[in-house]
Structures are given as structure tokens and as C-alpha cells.
Amino acid sequence: MTRSGRFLPSTVEGTIPAPLYLSFAPTEEQFRAECRSWLEANVPRPGLASGDTREGFAAHLEWERTLFDARYAVVSWPAEYGGREASLWEWLIFEEEYARAGAPRRVTQNGIFLLAPTIFEFGTREQQDRILAKMASGEEAWCQGWSEPNAGSDLAGIQSRATKVCGGWVLDGQKTWTTRGAFCTHLFGLFRSDPDSERHKGLTYFLVPLASDGVTVRGFGRLDGDEGFAEVFFENAFVADDNVLGGVNQGWSVAMATTGSERGLTLRSPGRFLATTTRLIDLYRSMHGDTRSKALRQRLVDAWMRAEAYQLFTLDTVTQLVDGGAVGAESSINKIWWSELDVELHEIALDLLGAEAQLEGAWSKGYEFSLSGPIYAGTNEIQRNIAAERLLGLPRA
Ligand SMILES: Cc1cc2nc3c(=O)[nH]c(=O)nc-3n(C[C@H](O)[C@H](O)[C@H](O)COP(=O)(O)OP(=O)(O)OC[C@H]3O[C@@H](n4cnc5c(N)ncnc54)[C@H](O)[C@@H]3O)c2cc1C
């Protein structure tokens with residue numbers, strides 16, 4: 001379907017704006033129906049153990065392989081890497097159906113949703129051919145190696161370094177908070193490649209096999225009991241030149257493309273929050289009268305409106321992207337919006353459940369994880385700084 005009259009308001013000259021027309025094309029609805037019926041037939045029941053445990057991670061990878069074999073792992077990618085060449089609209093539809101079906105969370109997400117868009121943009125053809133199909137099938141799983149013990153919010157303060165040697169680079173230093181690092185096979189990370197540089201300059205973006213000599217991965221537990229984090233140590237670890245992504249000393253601008261994906265469109269699409277809102281409304285309906293206070297009802301409606309607003313905002317973002325635009329600093333507002341909405345949705349559920357929340361695993365586990373949303377992908381304080389300076393033009397704090 002053409003874009004006109006679809007998600008963009010058209011105006012009748014000199015009169016009131018024409019109504020906003022929100023509908024998907026028949027072919028897109030057909031695609032939705034195919035996804036829905038495949039997911040209904042294939043989503044594992046009961047659900048899998050947490051993908052942040054070793055056993056759960058392995059079970060999730062098996063599921064990812066099933067998705068890949070049915071060409072649902074990376075619907076928007078080229079067919080040669082396992083995709084269906086689906087449009088961004090169809091990708092959104094797939095994401096919505098995936099969350100609606102309660103399908104397992106993607107343990108490959110940091111590769112597929114963060115690194116892959118960066119590889120499509122900056123990678124050589126050789127890198128794309130070498131990496132993308134194996135990433136899509138789950139044969140290789142990628143983790144994000146940016147944070148260090150003394151560089152989290154202040155990413156430009158990283159101290160891990162890369163030294164040029166014949167045919168490649170030697171890496172030294174330490175990364176931390178590496179999600180599922182203990183189970184992954186590869187890491188994408190930033191290293192200081194120009195020893196005389198400071199801050200954002202002189203950094204290079206490396207693609208590192210974790211089995212390389214000189215790399216030690218040490219997993220550690222989270223407060224919720226899962227073991228999905230790792231510290232990664234580099235001691236004289238060699239990586240070949242063809243593992244530089246996007247040019248030597250160009251790492252900062254390449255990394256900013258990854259953060260655009262992380263905070264903007266791909267990491268948390270609206271389907272996830274629409275599905276949580278639907279579950280929450282069902283929970284509210286199932287509760288006894290006494291528990292369903294007016295105040296909770298107001299909060300529920302407010303959260304539902306915020307989830308719907310997020311979807312409309314995303315449709316607008318996709319419209320801009322389809323028109324050749326790019327996601328800029330607005331991705332920071334996006335990140336604040338979905339992360340705070342997720343906390344609120346889970347808080348409402350816990351308030352509804354009261355003491356029962358202790359017995360009900362899914363909402364309390366979800367609540368614990370939602371609390372990390374305002375921290376990962378760059379804390380919300382940092383996102384507010386970005387919005388203040390780049391969108392509102394306020395002076396630096
Ligand atoms: C669940 C989870 C998964 C993660 N996964 C990964 C991963 O896979 N890979 C990876 O590299 N990292 C990962 N991280 C790390 C994450 O990116 C960092 O925790 C985050 O960037 C904050 O860094 P920090 O923890 O060092 O806190 P700090 O930077 O020390 O910040 C501490 C507090 O100070 C505030 N603050 C700092 N600077 C400013 C400022 N200039 N203005 C206002 N307030 C400020 C922060 O907002 C925060 O509240 C993950 C974190 C979590 C919680």
C-alpha cells in the first residue's frame with residue numbers, strides 16, 4: 001500500500017485536518033495472519049527457563065534455530081542471510097505478533113537488534129557474509145562489550161586499549177556488565193586504538209571471538225538470581241584486521257549508530273508493551289472488586305494510553321525512516337518513554353496482586369527486570385541530558 005493517507009495526516013486546504021487513517025495494507029494483514037498462525041502452532045508451551053541462565057540460554061538458542069528454519073528469525077533481512085526482505089511495517093507487525101503470542105525473549109537480541117544494523121551500515125561485504133547468517137541462526141551469539149569498571153555513563157572514558165601489530169591488533173583491558181557474556185561466542189566492543197587520543201577520538205569498534213587466546217570470561221550473578229552477566233578480561237589478545245568494524249579510530253561514530261538502534265527503534269518495539277498492557281488489563285478484570293480501586297483503574301488507563309502513544313510514535317518514526325530519514329537524538333526520548341512505561345506497568349500489576357505478588361512469579365520477575373530499564377542502554381539521566389542539550393538547545397549541565 002502507498003503511504004498516503006495511511007499513517008500521515010493529510011489536510012484539506014483552508015479547512016480542518018482530514019481524519020487520520022490508520023490501517024495496514026491487505027498484504028500486510030495477510031502477513032500478520034501467517035505469523036500469528038505459525039506462532040500459535042510453534043511457540044513452546046510451557047515457556048522456557050530464563051534465557052539468563054545457562055540451561056535456559058541453550059533452550060532459547062534451540063528456539064531461535066526453529067525461528068531461523070522457518071525464516072522468522074530476522075524477517076526484515078535479505079533472504080541470503082535468512083530473512084524475508086520484509087518491510088519495516090511488516091517487521092513491526094511480526095514483533096507485535098511475537099509479543100502477543102508470549103514467545104520466548106530473544107537471547108540473540110544484542111546481535112540481531114544492535115550489532116546487525118551497524119554491520120549493515122558500516123560492515124564490509126566480507127564481514128556481512130561472514131557474520132550475519134550465523135548470527136541469525138544463533139550459531140554465533142553476540143554480547144555488547146562497552147561498559148568498564150570506570151566507564152559506564154561516561155563511555156568516552158574507556159581505558160581498554162588496542163595496539164597495532166602485524167596483521168591485526170592486540171587487546172588489553174576489562175569490560176563489565178556484559179549481558180549473557182558468559183554464554184555468548186562473540187563480543188562487539190570499543191577500545192582505545194590511538195594512545196595519544198582523548199575522549200571520543202581514537203576509539204575503534206572491534207568484533208571479537210570470545211574463544212581467542214588472551215580473553216577470559218567470568219560470569220557473575222544478578223540480584224534476581226540469574227547468572228547472565230559477565231566480566232570480560234583481555235590480556236594480550238590478538239584479533240585480525242578484518243575484525244575492525246567501520247574504520248580504525250572511527251569507533252565513536254560507529255558506536256553511536258548502535259546506540260540509535262538500542263534506544264530508538266529495534267531493541268524495544270511497541271508490541272512488547274502492548275502485550276504487557278493486554279495481560280495487565282486481563283489481570284485487572286480477573287481481580288475481586290475490593291482490589292480494583294479507582295486509583296489503580298486510573299493508572300491502568302493511563303498506562304494503556306502511554307503504550308498506545310508509544311506505538312503511534314513508532315509508526316511516525318518508521319514513516320520517517322521509510323522516507324529516507326534517520327533516528328537522531330529523539331531516540332533518547334524513546335528510551336525514557338519505554339523504560340518508564342515498563343516500570344509503571346509492572347508496578348500496577350504488583351499493586352493489584354498485593355501480597356499474592358510474592359507467589360506469582362511472572363509479574364514480580366518482570367518487575368525486577370523492568371527496574372533495570374532506566375539503567376541499561378544508557379541511564380535515563382543521561383538520556384535527559386541528551387534531550388536537554390541536543391533537542392532543546394539548553395546549555396551543558
Ligand atoms: C540489565 C543491564 C544490562 C546491561 N548490559 C550491558 C551490556 O550488555 N554491555 C555493556 O557494555 N553494558 C551493559 N550494562 C551496563 C550499563 O550500560 C551501565 O550500567 C550504564 O551505562 C550506567 O553505567 P554505570 O553502571 O557505570 O553507572 P554510572 O555511570 O556510574 O552512573 C551512576 C549514576 O550516576 C548518574 N550519572 C552519571 N553521569 C551523569 C551525568 N553526567 N548527569 C546525570 N547523572 C549522571 C547515572 O544516571 C546513574 O544514576 C547493563 C546494565 C544493566 C542494568
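How many cavities of 30 Å³ or more does the structure hold? The structure, a predicted model in which local features need pLDDT of at least 70, side-chain atom pairs count only at pLDDT 80 or more, and totals for chains, interfaces and linings use all residues, holds one. Residues are numbered from 1 along each chain as its sequence is written, and side-chain values use heavy atoms, with hydrogens and water left out.

The largest cavity has a volume of about 40 Å³. On a 1 Å grid over the protein atoms alone, a cavity is a set of points where a 1.4 Å probe fits but cannot get out, whereas a pocket is an open set with protein on both sides within 12 Å along at least five of seven lines; lining residues have an atom within 4 Å of a point. Points are joined across faces, edges and corners, and a volume is the space filled by probe spheres set on them. The lining of the largest cavity is formed by Phe24, Leu92, Glu96, Pro270, Gly271, Gln311 and Leu315. Helix 3 (88–100), helix 7 (270–286) and helix 8 (294–322) each give two or more residues to this lining (helices are DSSP runs of H or I, at least four residues, numbered from the N terminus). Four lining residues are nonpolar, two polar and one charged, where Ala, Val, Leu, Ile, Met, Phe, Trp, Tyr, Cys and Pro count as nonpolar, Asp, Glu, Lys and Arg as charged, and the others, Gly among them, as polar.

The second largest pocket contains about 710 Å³ of space. It is lined by 29 residues, of which Leu88, Pro117, Ser261, Leu265 and Thr266 are the closest to its centre. Helix 4 supplies the largest share of the lining, six residues. By class, 19 residues of this lining are nonpolar, seven polar and three charged.

Helix 9 (residues 330–353) packs with helix 7 at an angle of about 15°, the axes being 10 Å apart; axes are lines fitted to C-alpha atoms over the stretch in contact, and angles run from 0 to 180 degrees between N-to-C directions. Helix 7 is therefore roughly parallel to helix 9 (under 35 degrees; over 145 counts as roughly antiparallel, 65 to 115 as roughly perpendicular and the rest as oblique). Contact (heavy atoms within 4.5 Å) involves residues including Phe273 and Leu280 of helix 7 and Trp338 and Leu345 of helix 9.

Helix 8 and helix 9 pack at about 150°, also with axes 10 Å apart, which means that helix 8 is roughly antiparallel to helix 9. Their contact comprises 13 nonpolar, one polar and six charged residues.
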